[in-house]
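Let's walk through how to read a few features, one at a time.

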Amino acid sequence: MTLAVEIAELVEAAGRLPMHGGTTDGALPGHPFFGAGFLFIGSLMVVELLAGGVWSRAFWRRMLWPGALLMAGAGMLLVSYVQTDSKSLHLTLAMLLLLGAYTEAQYKLGKISRLSADAFAIPALIVGGFVIGPMHANGNLMYSTMAQMHLLVGVVAWMLASVKIMRVRFGPTLALEYSFASGVMMLGLSLLLVQQFHGAH
Amino acid sequence: MGVAHLSKQLRALLIGMLGPTLQAMGVVWDLLEHGVFARGEIGSLTLEHIVSGPAHLMMATGLALSAICIPIALQVAAASPEELARPEDISGDAELAGELRTAEAAK
């Protein structure tokens with residue numbers, strides 16, 4: 001049957017992809033843990049929107065997003081210390097994450113406005129997208145799945161920046177808040193896909 | 001229907017189901033990897049793969065999310081509509097009411 005043959009060919013072609021999820025040949029498996037972290041925190045941001053005022057009953061819940069950025073920044077510092085290659089790229093990401101944690105914490109504590117926090121977040125997401133996307137994507141974009149997956153992470157970061165820009169332009173709407181939260185989930189998923197298709201660091 | 005107007009039961013259901021949904025997606029991903037795409041590797045699993053495999057981490061994320069979200073889902077189910085409203089929703093509703101009043105007055 002034609003359809004069965006085509007599906008079999010499709011499965012065979014997919015099987016030839018460089019898939020070895022979880023095997024890093026001794027390198028530090030950073031991508032999957034950062035991916036799981038962003039997937040987790042993005043899911044909690046969706047829950048925050050669904051829960052409304054109930055979410056703010058606990059102080060630690062309000063500080064979850066800056067806390068997650070702080071942990072991610074500290075983790076990225078560790079990666080840039082341990083990893084032998086791309087040290088400057090990892091260090092740049094670590095600095096962006098740590099500064100992002102600081103500004104988001106200031107916003108959550110009521111010390112600065114959302115606009116002031118976004119004045120840092122938007123350029124940080126754009127620069128971060130370039131660092132983790134085109135600059136970190138080792139290999140030919142046309143033929144290397146690894147390079148394409150890295151680029152996907154960068155594109156997701158730019159998408160998050162565009163959501164923030166729309167928030168500044170049109171004001172806060174629930175749709176934009178949900179877009180940002182699900183975008184953070186997508187960032188996590190894209191990092192998990194990097195690990196699935198490539199593995200190293 | 002806007003998300004702001006979801007009933008509290010539906011909100012609680014969505015919050016409670018988010019973790020199990022992620023776990024289910026992780027299971028499907030793992031089954032696809034080991035059952036369809038890389039069947040030959042099932043006999044040579046390593047501890048590294050078990051700990052850092054993307055599908056396994058997605059399942060773990062879903063499990064942690066379930067543990068955190070179930071109490072929140074219960075609180076949401078028991079909350080009043082005022083407690084569920086966010087400050088942005090309240091201001092948005094006020095603006096909408098104002099626009100409706102203006103439209104009524106123009107008739």
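Reading the helices

Q: Where do I start with contacts in chain A?
A: Two residues touch if their C-beta atoms, placed from the backbone, lie within 7 Å. In chain A, residues 24 or more positions apart account for 71% of the contacts with a separation of 6 or more. This is a predicted model: local features need pLDDT of at least 70, side-chain atom pairs pLDDT 80 or more, while totals for chains, interfaces and linings use all residues. Residues are numbered from 1 along each chain as written, with chains lettered from A and ligands numbered from 1 in written order.

Q: How many helices does chain A have?
A: Helices are DSSP runs (H or I, at least four residues), and strands likewise (E, at least two), numbered from the N terminus. Chain A has eight helices and zero strands.

Q: Which residues of α5(A) are buried?
A: Buried means 20 or more other C-beta atoms within 10 Å of the residue's own, again placed from the backbone. An α-helix has 3.6 residues a turn, so residues three or four places apart point the same way. In α5(A) the buried ones include A:His90, A:Leu93, A:Leu97 and A:Glu104. They pack against α4 (64–82) and α6 (114–132) of chain A.

Q: How do α8 of chain A and α3 of chain B pack?
A: Packed helices are described by the angle between their axes and the distance between the axes. Axes are lines fitted to C-alpha atoms over the stretch in contact, with angles from 0 to 180 degrees between N-to-C directions. Here the angle is about 150 degrees, with the axes of α8(A) and α3(B) 9 Å apart. So α8(A) is roughly antiparallel (over 145 degrees) to α3(B).

Technical notes: Buried ≥ 20, exposed ≤ 12 C-beta atoms within 10 Å, placed from the backbone. Parallel < 35°, antiparallel > 145°, perpendicular 65-115°, else oblique.
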